[in-house]
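Please look at the backbone of the model shown here, and follow it slowly from one end to the other.

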Amino acid sequence: MNRGSGETRGGVNLPALRGYNEALVLDLLRAAGPAGRGRAELAARTGLTPQAVSKIMVRLAAEGLVAEAGRAASTGGKPRTLLRLEAGARHAVGVHLDRDELRAVRVDLAGGVLAECAGPLDFGAGPDAVVAAVVRAVGRVCDPAGPPLLGVGAAAPGPLDHRAGVMGRVTGFPSWEGFPLREVLEGWLGLPVLLDKDTNAGAAGAGPAPRSWPAAGGAAEAGASVYLHVASGLGAGLRLDGEVYRGARSAAGEFGHQVLQLDGPRCRCGARGCAEVLCLAAVARADLPEAARIVGEGAANLVALLDVERVVLGGRVVAAAPEVFVSGVRAVLAARALTQPPPEVAVAATGVAEGAAQLLLAPFFGRT
Ligand SMILES: [Zn+2]
C-alpha cells in the first residue's frame, strides 16, 4: 500500500473492494481481542454502512472466522451482540533462517504460538541443504489435522529481493546469490511463501502499529520505530508511518554497515569501522557494555535522521543480556538526543520467526 497523502485507509462500499473491507473488519476484531466488538462500532470505525458490516459478518461467520463473544448492555433497546475473531480458524508458519540456527513456529491468527522447533543450521552449506532443513522444520510444526494453513513466512539474512523472493549476495555466503528461495520453497511445501529479511520480520514481530480510526479519509499513523537485530550480524528493520519500509530494492535497514570509525578495522563488507565489525569485536571479547554503546551510537544516528520514537532490540546477543543492551542504548540515546524526550527503548517481545509469520498474515488483515 502506498503511503500517499490522499489515501483512504477506510472501508469503501464497493463490491470490488469486498476483500479489503473484510480484511479491515478482521483487523479491528483482532485488535479487540477476546472481548470482541459490536456491529455498530465496526461500522463507525470503518466508515462502512451497518448493512455492509452485517453482510461481511455473514460471510466471515460462514468461513468460521468470526464468532459471537457475548452481549453487551445497551442504553435502552436490546443488548448488542459482540463479535470476536476466531483466532484458531487459520494458522500460519514463520521460519527464521539464521546463519547457524533454524527456528520455526506455527501461530494462530492472533499471533499465539501453537508449536515451535529449533535446531542448528549451516547457512553456508548452500541452498539445497538449507531448503531441505526448512521443509523438515515446517513439517515438524505443522498439524495435518489442524485448520487451513495460510502459508509460510520465511526470514533470512539480507540482502534479498522481497518482491521477487530471490536471495542476494549475503556477506560470506556467495552460493546464495540469485537463488529463488521463495519459489523453491513454494514448490516443496505446496503453500504460499513470503520471503523477507530477518530484520523486517523482527520489526513486524514487534507488533502491528495501531491504525488511525475512523479509517475513512484519515491519514496513516505517523511516526518511526526501528527494530535492531544483534546476532551474527547487525541489522535494522524500519517501520515508517505504520508500515515496514524496505526500499525499492529491499535494501533499507543496512544498519550494521554505517561507518562509525573512519580508520577502524576492516569490515566483511569491505569498508572500515562499520558498526557491525566494531560491535561484533566487542561481543567476541565479552565486552557487552561496549557492544551496547556501539549499537546505541548507531541507533542515535537513525533517531536523528528519522525522528525515531521507539527502538526495539532483538537477536540472540541481546537476549543473552537484555538489561545491558537496554540500559546501554538508552544511555547513548539520552546523551545524544536532539529532541526530547529520547525514544523509548525495549526488548522485542517475540522472535524473528514469529515476525515472519506476522508478515505472512499481514495481507489477511489488510496490511502490508
Ligand atoms: Zn560493513
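What follows is a walk through peptide bonds and phi angles.

This is a predicted model, in which local features need pLDDT of at least 70, side-chain atom pairs count only at pLDDT 80 or more, and totals for chains, interfaces and linings use all residues. Residues are numbered from 1 along each chain as its sequence is written, and side-chain values use heavy atoms, with hydrogens and water left out.

Most residues other than glycine have a negative phi, and most peptide bonds are trans. The bond from glycine 158 to proline 159, however, is cis, with omega near 0°, and proline 159 lies in the loop between β7 (149-156) and β8 (160-161). Here helices (H or I, at least four residues) and strands (E, at least two) are DSSP runs, numbered from the N terminus. Glutamine 340 and proline 341 are also joined by a cis peptide bond, with omega about -10°, and proline 341 sits in the loop between α10 (322-336) and β15 (344-347).

Turning to phi, serine 250 has a positive value near 55° although the residue is not glycine, and serine 250 belongs to the loop between β13 (243-245) and α7 (275-284). Is serine 250 buried or exposed? Serine 250 counts as buried because its relative accessibility is 6%, where buried means under 20% relative accessible area, exposed over 50%, and partly exposed in between (1.4 Å probe, protein chains only).

Aspartate 307, another residue that is not glycine, has a positive phi near 55°, and its place is the loop between α8 (288-306) and β14 (308-314). Aspartate 307 counts as exposed, because its relative accessibility is 52%.
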